[in-house]
Amino acid sequence: MIPQHLSKSAVRSYLKAIDLPDLLNELGAQNAELLAKEIRHFTEKEAKKRDKIVLSYFGEKGIKQIVNSVATKLNASPKLKQSAKILDVGAGSGFFTARIASKLKKLLPYSSFYAMDATPAMLLAITKKKEAITPFFGVAENITRSIRNAQRYARVPNKFDAAFSTLMLHHCTDIDRVFKSLQQVLKPAGKAVIIDMCTHSSNEFKEEMGDVHLGFDPEQIEKAAKKVFSKVTVEKLPGICCSSSGRCAELFVATLRA
Ligand SMILES: C[S@@+](CC[C@H](N)C(=O)[O-])C[C@H]1O[C@@H](n2cnc3c(N)ncnc32)[C@H](O)[C@@H]1O
């Protein structure tokens, strides 16, 4: 039987034992070759310093704005229950997961947090955070199958009260599949908040940051999300941008109801 709380060393052993090509295949990852290339990028260039990279993109003020925006929108009416189960999709090093968990825990003391990502090295970084977060390997295009797989090693629920994702969507080839996959793991009244970049023209982001999309038009996100979510709002986050090497991309925030 899987213990209620795996020790950090047990989680690390699980993450280190992951056989990527096999697992991507088992999870039915779309465009597995491209995803494997991205995973190499995140393992070699970002995992160990992702927290510092995020700070360089937004500064403390921008980070606070992102954290507040996600936490406020997740807990807007109808409020989340005290024991809400909340998933971060494409959590990276857990930089935002930890901050959002810490903020929401003050309002929802019995809530629990889960972090899914396709880069094991990023998930290893999450095990070093002080907040109680359950990391597990998975692909955003098939979260249900990712959960089933992770349940062999960790206690992960089948459905969540809420989910969020920051700066992951532009790494996914098929955003329709991501929205569908996300909707499938939310409880009937579940909600999700997604923050990502608006369309920009910095082609170098593809090389420097392993990006697949040069951001999205908010209208494009609204149209895609409305195919599966009952209520969708997409707006630009005012006064903030993702800046790297002197270039800047605006952000949008999408609020979705299952
Ligand atoms: C730019 S980082 C963002 C990480 C974190 N959310 C943050 O804001 O710092 C993108 C993350 O998405 C993950 N990722 C990319 N494509 C993915 C996919 N198809 N399924 C799950 N995770 C994915 C990468 O491994 C990486 O950790």
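This is a predicted model: local features need pLDDT of at least 70, side-chain atom pairs count only at pLDDT 80 or more; totals for chains, interfaces and linings use all residues.
Residues are numbered from 1 along each chain as its sequence is written. Local features need pLDDT of at least 70, side-chain atom pairs count only at pLDDT 80 or more, and totals for chains, interfaces and linings use all residues, while side-chain values use heavy atoms, with hydrogens and water left out.

**Stop 1: the ligand**

Select the ligand and its surroundings. The shell has 22 residues, and Gly90, Asp117, Thr119, Ala140 and Thr166 come nearest. A residue is near if one of its heavy atoms lies within 4 Å of the molecule. The shell divides into twelve nonpolar, six polar and four charged residues. Here Ala, Val, Leu, Ile, Met, Phe, Trp, Tyr, Cys and Pro count as nonpolar, Asp, Glu, Lys and Arg as charged, and the others, Gly among them, as polar.

Now show polar contacts (pairs of N or O atoms within 3.5 Å). Start at aspartate 117: a polar side-chain atom lies 2.6 Å from a ligand oxygen. At glycine 90, a polar backbone atom is 2.8 Å from a ligand nitrogen. At alanine 118, a backbone N or O atom lies 3.4 Å from a nitrogen of the ligand. On its own the ligand has 590 Å² of accessible area, and the protein covers 98% of that (Shrake-Rupley method, 1.4 Å probe).

Next, colour α3 (32-46) and α4 (50-74), the elements that give two or more residues to the shell. α3 gives the most, with three. Helices are DSSP runs of H or I with at least four residues, and strands are runs of E with at least two, numbered from the N terminus.

**Stop 2: aromatic pairs**

Show the rings of Phe, Tyr and Trp (its six-membered ring); they pair if their centres lie within 6.5 Å. There are six aromatic pairs. Select tyrosine 114 and phenylalanine 160. Their centres are 5.5 Å apart, with 70 degrees between the planes, an edge-to-face pair (over 60 degrees; under 30 is stacked, the rest tilted). Tyrosine 114 is in β2 (112-117) and phenylalanine 160 in β4 (160-166), so the pair links distant parts of the chain, 46 residues apart.

**Stop 3: the backbone**

Most residues other than glycine have a negative phi, and most peptide bonds are trans. Which bond is cis? The one that joins serine 77 and proline 78, with omega about -5 degrees. Proline 78 lies in the loop between α4 and β1 (85-89).

Finish at asparagine 31, in the loop between α2 (20-26) and α3. Phi of asparagine 31 is positive, near 50 degrees.

Key. A polar contact is a pair of N or O atoms within 3.5 Å; within protein, one must be able to donate a hydrogen and the other to accept it, and residues adjacent in sequence count only if both atoms are side-chain atoms.
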